[in-house]
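Hi,

Here is the structure I said I would pass on to you. Have a look at it first, and then read on for what turned up in it.

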Amino acid sequence: LEVDEVSNVTGAIDFNGNVHVKRGVGVGSKIKAGGDVMVDGFVEACFIEAGGDIILKNGANGKGGPSLIKAEGEIKGRFFENINLEADIGIQANYCLHCDIYTKGVLDLSSRKGLLLGGKSIVEEKVNVNNMGNKLSTPTVVVVGVSERMREVGKGIQTEMKAVRGELKILENARNQFREVYPPEELNELEIYLKIENAIYTKELQMNELKEKRQAYVDRIKELMAAKVNIRNHLYEGVKFDVNGKIWKSEKKYNVTITGSANNIIVSEN
């Protein structure tokens, strides 16, 4: 789908494919695409959601209203200011100012003018940036590796498993009670007993799926323990780092890599 522009006048877009906007996207606009979204012009405070990638050739500034740019793939733009960004694979730009960021992959601001300043960035795998913070010590929060958001996913899996175990126990107790009263040939004729057997089978399948989900979560946690932040040039004071749950408030540094061990944060010069 190709359109000239998107605004409150043109109305929202909901399209199960790729969307190309040849000019800009105005304040309060909404775009939802099953595929990729490409915008040639400037993007203001709006909502853009894509099942693929989002490419903003002229950047975005979310001042003037609520905003969210969310992609199941990557988000790429010249710059992002005062806007919320969420991407499964990664985010790439020249700079991000006062943005709230979440990505399961890599935040790449490593160009010559690359800068991360202000806001809160939650990045699961890696941050590559040229400069971070400023001389005014503007509050900036960077969370890498296992975040609270990731921990909530683990808690959710555990809660779900506990509930299924409880339901299985109740069903199995009911089945045992029937087995104590009726002989096998009669059990197979009892509709309520057959429903219990089917329910147990369904719950066992659900439990197996949850076990696989938990194992995938554990494997992902192990991967994220290797998360790191690469800062090519200046790191200023005023940046708060959370690396796998360990906290460090930055000092002025130059060309460093920040990683986390089991006990603390490691800042090493490149």
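Let me begin with Asn-244, which is buried, at a relative accessible area of 8%. Please keep in mind throughout that this is a predicted model.

Asn-244 sits in the loop that connects strand E23 (239-243) with strand E24 (246-249). Those strands run antiparallel and are joined by four bridges. Their hairpin has two residues between the strands, and Asn-244 adopts a positive phi there, near 50 degrees. Further along the pair, Phe-241 is placed opposite Trp-248 in E24.

What does the side chain of Asn-244 meet? One of its polar atoms is 2.8 Å from the backbone nitrogen of Val-146. Beyond residues up to four places away in sequence, Asn-244 touches Val-144, Gly-145, Val-146, Arg-151, Leu-224 and Met-225.

Now for the nonpolar cores. In soluble globular proteins, nonpolar side chains tend to be buried together. Here the largest nonpolar core contains 49 residues, and Phe-80, Met-132 and Phe-241 have the most contacts inside it. If you want to look around Met-132, leave out its neighbours within four places in sequence; its contacts are then Leu-115, Leu-116, Val-127, Val-142, Val-229, Ile-231, His-234, Leu-235, Tyr-236, Val-239 and Phe-241. There is also a second, separate core of ten residues, with Met-150, Met-207, Leu-210 and Ile-221 among them.

On to the helices. Helix H3 covers residues 191-224, 34 residues in total. From its first C-alpha to its last H3 reaches 49 Å, close to the 50 Å expected at 1.5 Å a residue. Its buried residues are Tyr-193, Ile-196, Ile-200, Lys-203, Met-207, Leu-210, Tyr-217, Arg-220, Ile-221 and Leu-224. Helix H1 (148-181) and helix H2 (184-187) are included in what covers them.

H1 has 34 residues too, and its end C-alpha atoms are 50 Å apart, in agreement with the 50 Å it should span at 1.5 Å a residue. Along H1, the buried positions are Met-150, Gly-154, Ile-157, Met-161, Val-164, Leu-168, Leu-171, Arg-175 and Phe-178. The cover over these buried residues of H1 includes H2 and H3. Met-150 of H1 and Met-207 of H3 both belong to the second core.

How many salt bridges does a search of the whole structure find? The count is 18. Here are three of them.

- Arg-220 and Glu-125 meet through their side chains, at 3.0 Å from N to O. Arg-220 lies in helix H3 and Glu-125 in the loop between strand E18 (120-123) and strand E19 (126-129), so this pair ties together parts that are 95 residues apart in sequence. Arg-220 is buried, with a relative accessible area of 18%, whereas Glu-125 is partly exposed at 34%.
- Glu-197 pairs with Arg-179, and their closest N and O atoms are 3.6 Å apart. This pair links distant parts of the chain, with Glu-197 in helix H3 and Arg-179 in helix H1, 18 residues apart. Glu-197 is partly exposed at a relative accessible area of 25%, and Arg-179 is partly exposed at 43%.
- Lys-76 and Glu-74 form a salt bridge at 4.0 Å, N to O. Lys-76 is partly exposed at 33% relative accessibility, and Glu-74 is partly exposed at 27%.

Salt bridges with shared partners also connect Glu-124, Glu-125, Arg-220 and Glu-223 into one network.

Is Gly-35 buried or exposed? At 12% relative accessibility, Gly-35 counts as buried. Setting aside residues up to four places away in sequence, Gly-35 touches Gly-17, Asn-18, Ala-50, Gly-51, Gly-52 and Asp-53. Gly-35 and Ala-71 are 36 residues apart along the chain, and their C-alpha atoms are separated by 9.5 Å.

Enjoy exploring it!

Best wishes

Methods: Residues numbered from 1 in each chain as written. Predicted model: local features only at pLDDT ≥ 70, side-chain atom pairs only at ≥ 80, totals over all residues. Heavy atoms only, no water. Core = buried A, V, L, I, M, F, W, Y, C linked by side-chain atoms within 4.5 Å. Buried < 20%, exposed > 50% of the residue type's maximum accessible area, 1.4 Å probe, protein only. Contact = heavy atoms within 4.5 Å. Expected span 1.5 Å × (residues − 1). Polar contact = N/O pair within 3.5 Å; in protein donor to acceptor, adjacent residues only side chain to side chain. Pairing = 2+ DSSP bridges.
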